[in-house]
Amino acid sequence: VAAIVADPSRANAAAILAASLAAELEGDVDSQVAALQALTRAAPFMAYPLEALSYVYFDRDQGQAAAEALAVAVELEPESDLYWTNLGWAYYLIGQLERSEAASIRALELDGSQSVAAYNLGLVRAVTGRLGEALRAYEQALRFDPEVNDEAIVDLEDALDLYPDAAGVDYALGMLLEADGRRQAARDAYARFVARASGGDAEFVAAAQARLDELDKPLPPMEIV
């Protein structure tokens with residue numbers, strides 16, 4: 001692995017690929033990245049090294065590098081809903097929200113059951129003040145898989161700090177927390193939304209208040225049959 005990484009120009013694409021996989025198995029991320037970057041030059045028609053690099057960049061919080069890798073990957077494999085989904089997330093991380101939304105929409109056009117893309121779409125629309133559209137995207141994600149994606153909740157919690165003026169984030173968060181069975185946390189999120197929402201959100205304020213009233217009711221008694 002070290003020899004190939006040190007001078008990849010003397011190895012063919014298959015050898016470089018093997019070196020990248022060996023480095024990954026050894027946990028040598030720097031060598032893995034070097035081999036994958038060499039592979040993109042040796043086999044520019046391959047999307048795999050770009051995909052693998054993007055995961056490393058995500059782990060390192062290098063959103064710009066991930067977006068650049070995935071932008072090439074979707075050119076090589078434009079029908080990959082996975083690549084478009086991940087590109088949407090990469091664009092969100094670097095604040096390119098319009099591109100993030102477009103990439104997520106494209107992923108859903110390719111695969112209508114791509115729940116992660118639907119979560120990404122809901123997040124972008126929530127932070128940009130389009131709560132109704134955001135909720136429809138989240139509802140779409142839950143139709144694909146009723147089990148709430150924990151990462152989607154974390155993303156909304158992070159968005160509370162990143163976009164403090166986007167009150168709708170709390171409503172979307174309350175919705176996912178309630179769907180996940182976390183009643184108290186959902187109450188808190190809905191209550192924050194009601195307290196912060198503007199006059200233009202009257203419809204959603206009423207809906208949030210209705211959810212608060214429902215969540216304040218005691219749970220029905222458990223029956224053992």
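Axes here are lines fitted to C-alpha atoms, for helices over the stretch in contact, and the angles between their N-to-C directions run from 0 to 180 degrees. Helices are DSSP runs of H or I with at least four residues, numbered from the N terminus. The model is predicted, so local features need pLDDT of at least 70 and side-chain atom pairs count only at pLDDT 80 or more, while totals for chains, interfaces and linings use all residues. Residues are numbered from 1 along each chain as its sequence is written, and side-chain values use heavy atoms, with hydrogens and water left out.

**Stop 1: helices 6 and 8**

Two packed helices are described by the angle between their axes and the distance between the axes. Select helix 6, residues 81–93, together with helix 8: they pack at an angle of about 25°, with their axes 9 Å apart. Helix 6 and helix 8 are therefore roughly parallel to each other; angles under 35 degrees count as roughly parallel and those over 145 as roughly antiparallel. Their crossing is left-handed, a word used when the near helix is turned anticlockwise from the far one by less than a right angle.

Now show the side chains of Thr85, Trp89 and Tyr92 in helix 6, which meet Val116, Ala117, Asn120, Leu123, Val124 and Val127 in helix 8. Contact means heavy atoms within 4.5 Å. Sorted by class, this contact has seven nonpolar, two polar and no charged residues. Ala, Val, Leu, Ile, Met, Phe, Trp, Tyr, Cys and Pro count as nonpolar, Asp, Glu, Lys and Arg as charged, and the others, Gly among them, as polar.

**Stop 2: helix 7 against helix 8**

From helix 7, pick Leu97, Ser100, Glu101, Ser104, Ile105, Ala107 and Leu108; their partners in helix 8 are Ala117, Ala118, Asn120, Leu121, Val124, Arg125 and Val127. The contact of helix 7 with helix 8 has nine nonpolar, three polar and two charged residues.

While you are in helix 7, click on Arg106. Arg106 counts as partly exposed, at 27% relative accessibility. Buried means under 20% relative accessible area, exposed over 50%, and partly exposed in between, with a 1.4 Å probe and protein chains only. Not counting residues up to four places away in sequence, Arg106 touches Pro78, Glu79 and Trp84.

**Stop 3: into the core**

Go back to helix 8 and select Tyr119. Tyr119 is buried, with a relative accessible area of 6%. Leaving out residues up to four places away in sequence, Tyr119 touches Tyr138, Ala141, Leu142, Glu147, Val148, Asn149, Ala152 and Leu176.

Next, pick Tyr138, whose contacts beyond four places in sequence are Tyr119, Gly122, Leu123, Leu156, Ala172, Met175 and Leu176. Tyr119 and Tyr138 are among the residues with the most contacts inside the largest nonpolar core, which has 63 residues. A nonpolar core is a set of buried Ala, Val, Leu, Ile, Met, Phe, Trp, Tyr and Cys residues joined through side-chain atoms within 4.5 Å. Leu156, Tyr171, Leu176, Tyr190 and Phe193 are also on that most-contacts list for the largest core. Helix 8 gives the most to this core, with eight residues.

Phe193 sits in helix 12, residues 183–196. At 0% relative accessibility, Phe193 counts as buried. Setting aside neighbours within four places in sequence, Phe193 is in contact with Leu131, Ala167, Gly168, Asp170, Tyr171, Asp201, Phe204, Val205 and Ala208. Phe193 and Phe204 are 9.0 Å apart, C-alpha to C-alpha, and eleven residues apart in sequence.

**Stop 4: helices 4 and 5**

Finally, select helix 4 (residues 48–59) and helix 5 (residues 63–76), whose axes come within 8 Å and cross at roughly 160°. Helix 4 and helix 5 are therefore roughly antiparallel to each other. Leu50, Ser54, Tyr57 and Phe58 of helix 4 make the contact with Ala65, Ala66, Ala69, Leu70, Val72, Ala73 and Leu76 of helix 5. By class, that is ten nonpolar, one polar and no charged residues.

In the loop between helix 4 and helix 5, click on Asp61. Is Asp61 buried or exposed? At 71% relative accessibility, Asp61 counts as exposed. Most residues other than glycine have a negative phi. Asp61 has a positive phi, near 60°.

Definitions and conventions. Helix = DSSP H or I, 4+ residues; strand = E, 2+ residues; numbered from the N terminus. Parallel < 35°, antiparallel > 145°, perpendicular 65-115°, else oblique.
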